[in-house]
Amino acid sequence: MDTRTSPAAPPKTIRREDYRQPDWIVPDVALDFDLGAERTVVRARLEVRRQAPAPLVLDGDGLVPVAVRVDGQATEAWRLDGGALVLDLPGDAHVVETEVALSPQTNTQLMGLYASGGLLCTQCEAEGFRRITFFPDRPDVLSRYRVRLVADKARYPVLLSNGDLVGSGDLDDGRHFAEWHDPFPKPSYLFAAVAGDLAERRDSFTTASGRTVQLGIWTRAEDRPRTAHAMESLKLSMAWDERVYGREYDLGIFNIVAVNDFNFGAMENKGLNIFNTRYILADPDEATDSDYDGIAAVVAHEYFHNWSGNRVTCRDWFQLSLKEGFTVFRDQGFSADLGSPAVRRIEDVRALRATQFPEDAGPLAHPVRPESYMEISNFYTATIYNKGAELIRMIHTLVGPGRFRQGSDLYFERHDGEAATCEDFVVAMEVGAQVDLTAFRRWYGQAGTPRVEARIARVEDGTVSLALRQSTPPTPGQPDKSPVPIPLRTALFDRASGARLAEQLVLLEDAEATVALGRAPGDVALSINRGFSAPIVLVADRATDELAFLAAHDDDPFARYEAVQGLMLEALVDRVASGDAGGAADAAVDAVGAMLADPALDDAFVAEAALLPSESFIGDQMLVVEPLAIHDAREWLRARIGRAHLAAWRERQERGANQPFAYTPEAKGRRRLRGVALAYLLAARDTDAAARALDQFQRADNMTDRFSALSALVGSDAAERETALDAFRVRHGGSPLVLDKWFGVQAGSSRSDTLETVVRLSRDPDFTLANPNRARALIGGFGANQLALHDDGGAGYRFLADQILQLDRLNPQTAARLVPPLGRWRRFGEARAAAMRAQLERMLRTPGLSRDLYEQVFRSID
Ligand code: ARG
Ligand code: ZN
């Protein structure tokens with residue numbers, strides 16, 4: 001089917017309110033694949049059962065039926081309607097067989113069955129299964145699958161699918177087969193198959209009830225040594241889900257396959273997860289510590305989906321956050337338990353502010369449970385995932401871990417084997433955790449980030465009261481907002497003694513409220529939204545010295561981090577607005593110095609807290625974003641903090657540098673702080689900073705130190721920059737994932753020639769839009785570079801739009817994900833806004849846009 005749109009025929013909008021139960025269900029399906037890269041033949045046998053008086057409609061996308069049979073008889077009595085196969089069937093139960101031919105080799109969308117490297121693999125979520133065979137491709141149709149894979153044995157010695165292997169053997173002509181049976185009914189989006197020349201890291205896990213699960217991680221043979229960390233993470237995840245949620249794995253086999261070409265992170269197909277290599281492969285020489293963390297988090301995420309997603313799936317795609325928000329919350333908990341919970345929370349909130357807050361404040365804002373979409377792929381967003389996780393976290397905060405567990409137990413018990421809704425989850429929580437979530441439900445339906453103003457006042461008798469007011473700015477299609485219940489962990493500190501006076505969970509339910517916090521004789525400091533207990537923008541009326549006090553004394557690490565960030569932001573915003581930075585800059589400089597001098601703080605925390613707010617987050621605080629002024633202010637503050645603590649930075653950069661690599665929390669923290677220190681030394685123009693960076697680069701026995709040195713150098717004019725960039729490419733040119741870093745780091749550079757560099761790199765023989773990781777590294781990296789994108793009279797916008805249009809011909813999903821930076825046009829001054837909009841309009845006028853890109857561009861213009 002041609003899914004390409006034209007302005008004359010815009011894609012149709014799917015609405016949540018239009019949901020209807022399926023007319024036909026398919027309890028059993030058998031699939032037969034005759035696999036080849038150039039041509040694959042798929043025969044499907046569906047046992048269909050009528051639920052309503054309607055024809056059988058089997059979704060299809062780009063499929064041409066070679067043969068159709070009903071109850072064993074060939075039939076011509078079918079029609080195609082917008083790609084779907086429609087059959088009028090007389091009875092209530094039939095066997096429908098279809099045959100189609102596919103061309104995996106030419107599938108550049110990477111949805112359905114496609115070739116990656118020498119492999120054949122599938123991606124079906126959300127609607128890729130209809131590119132493989134005719135089927136009711138919707139998550140509320142659950143089927144038992146039998147899958148037979150046939151392929152050339154030399155080229156594809158390994159044949160994998162969901163469930164258990166029930167048969168295999170050789171055929172004539174050098175071919176062989178494997179048969180897989182998955183006993184758990186599942187929606188089509190969880191189907192997977194892989195064929196290729198793969199090597200296995202094998203291990204096993206014994207579940208709490210004593211069953212042994214065979215674990216396999218499959219990669220190209222040369223990558224096998226780099227799968228140890230992923231395997232370790234998998235076993236830790238399995239144990240964690242048993243301990244924390246009481247969830248055990250349910251099949252005898254759990255396989256993971258890593259592929260080079262993948263549209264996102266990974267996919268939770270039942271018993272056969274398929275991963276982007278980036279979230280599997282790691283060794284110290286090629287992966288940074290944050291890559292290691294990413295692998296642990298994504299391996300856990302996909303594994304946790306086995307319950308939150310597979311055993312209990314989604315009724316329709318409007319419920320996507322039911323599985324994604326909950327599963328992100330679960331993987332965040334896992335990562336927190338694995339390392340430092342405080343640092344992990346800081347990282348999660350930074351990610352939320354970097355991706356979700358701008359989304360919620362812009363043209364693509366949508367509720368955690370959206371009301372409509374044109375292309376569901378566009379809704380795998382930070383709102384569905386990260387804000388969705390914050391909603392679950394608020395419920396957890398409101399009821400506490402024990403009652404939350406009772407709620408989740410009830411949810412899994414009630415809905416096991418079903419396709420459920422967000423409402424089902426909320427009801428299970430209400431009953432299981434004994435809480436009334438009537439008002440809380442609004443969080444699911446309302447887009448936009450609430451702003452909470454907080455002010456403390458003293459009442460006559462020494463009681464301190466907290467005045468709160470909430471409001472949510474309008475978002476597209478939602479001009480008027482209601483108050484939502486906002487849980488605010490709050491504490492008061494006595495300024496004289498530094499002692500904490502009171503801590504409580506304040507629940508702001510109405511538009512305004514005043515809450516008594518307790519009696520306090522002297523001056524107090526207000527610590528609020530501790531631990532980021534609610535995903536809001538806090539506007540607290542706190543003086544610089546109050547923030548400085550909290551930066552030094554708050555005993556909640558997150559709140560302490562926030563206080564330091566608050567000082568930095570105040571200084572930066574003042575600097576941009578008036579060229580002056582008041583007392584906040586001095587206070588920020590002192591706060592960082594005090595943390596560097598405090599032996600009680602661990603390095604990872606100090607590194608996080610010493611990091612300046614990103615340019616885009618600074619921009620979010622302003623009425624009109626001025627990228628250059630923001631950049632200059634940030635460099636100015638960075639240089640000040642650098643110069644003020646030169647000796648400490650040097651010492652932190654050197655500390656432990658000669659010790660061999662170790663993957664321990666202490667060593668990781670030290671490396672993190674080393675990278676931050678190096679950046680401060682370069683900003684301070686310390687005389688030997690560039691040489692020091694090159695020295696770190698050259699002597700590093702691990703990617704974290706090597707890459708932090710390269711990142712620090714890439715924005716500089718020093719000769720060491722070229723030396724390091726060239727050496728990095730020579731050393732790592734053969735490793736695609738590391739080469740992505742090389743492209744990405746240059747795309748993120750603050751140098752004034754970055755656009756030129758990126759244009760040149762887009763013509764590099766190693767650059768290709770066909771590989772999503774590579775495209776994201778260079779084009780996505782450039783789109784995220786506030787300085788370079790908005791520089792130079794619109795040339796950056798034009799380049800970005802050109803690349804998006806080119807990529808759209810190949811891979812609409814990945815192209816559409818590059819649009820949001822241009823969609824922020826309203827936030828900029830007139831000239832920039834007009835130039836950005838002009839590119840959006842040009843894209844929208846381009847004939848033959850994909851549905852994915854059309855929707856993102858269309859919504860971004862409005
Ligand atoms: N369910 C997968 C995960 O979160 C991601 C699937 C993304 N699909 C898409 N069309 N973008 O683990
Ligand atoms: Zn997920």
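This report describes a predicted model of a protein chain with a ligand.

## Domain organisation

The domain assignment divides the protein chain into domain 1 (14–197), domain 2 (312–445), domain 3 (451–534) and domain 4 (733–862). Taken over C-alpha atoms, the centres of domain 2 and domain 4 are 30 Å apart. Their contact draws on eight residues of domain 2 and twelve residues of domain 4. On the domain 2 side, the touching residues comprise four nonpolar, three polar and one charged.

## Surroundings of ligand 1

The shell around ligand 1 consists of E125, A126, F264, A266, M267, E268, H301, E302, E324, S377 and Y380. By class, these residues are five nonpolar, two polar and four charged. Strand β20 (266–267) and helix α2 (289–304) each contribute at least two residues to the shell.

Two members of the shell, E125 and A126, are joined by a cis peptide bond with an omega of about -5°. A126 lies in the loop between β11 (119–123) and β12 (143–152).

## Nonpolar core

The largest nonpolar core has 246 residues, of which V257, L567 and A588 touch the most other members. When neighbours within four places in sequence are left aside, the contacts of L567 are T544, L547, A548, A551, A584, A587, A588 and A591.

## Buried strand and helix

Strand β13 (residues 158–161) is covered on both faces. V158 and L160 are buried on one side, and L159 and S161 are buried on the other. The strand runs antiparallel to β16 (residues 193–196), to which four bridges join it. One of the bridge pairs links S161 with A193 of β16.

Helix α27 (residues 851–861) is largely enclosed by the rest of the structure, because eight of its eleven residues are buried. The buried residues are R851, D852, L853, Y854, E855, Q856, V857 and S860. Their cover includes the helices α23 (795–810), α24 (812–816), α25 (820–823) and α26 (830–845).

## Residues with positive phi

L110 is not a glycine, yet has a positive phi of about 60°. This residue is found in the loop between β9 (93–102) and β10 (112–116). L110 has 24 other C-beta atoms within 10 Å and is therefore buried.

R685, also not a glycine, has a positive phi of about 55°. The loop between α15 (665–683) and α16 (689–699) holds R685. With 12 other C-beta atoms within 10 Å, R685 is exposed.

Key. Residues are numbered from 1 along each chain as its sequence is written. Chains are lettered from A and ligands numbered from 1 in the order in which they are written. This is a predicted model: local features need pLDDT of at least 70, side-chain atom pairs count only at pLDDT 80 or more; totals for chains, interfaces and linings use all residues. A residue is near a molecule or strand if its C-beta atom, placed from the backbone, lies within 6 Å of it. Ala, Val, Leu, Ile, Met, Phe, Trp, Tyr, Cys and Pro count as nonpolar, Asp, Glu, Lys and Arg as charged, and the others, Gly among them, as polar. Domain bounds come from an automatic or database domain assignment. Two residues are in contact if their C-beta atoms, placed from the backbone, lie within 7 Å. A nonpolar core is a set of buried Ala, Val, Leu, Ile, Met, Phe, Trp, Tyr and Cys residues joined through C-beta atoms within 7 Å. A residue is buried if 20 or more other C-beta atoms lie within 10 Å of its own, exposed if 12 or fewer, and partly exposed in between; C-beta atoms are placed from the backbone. Two strands pair if DSSP finds at least two bridges between them.
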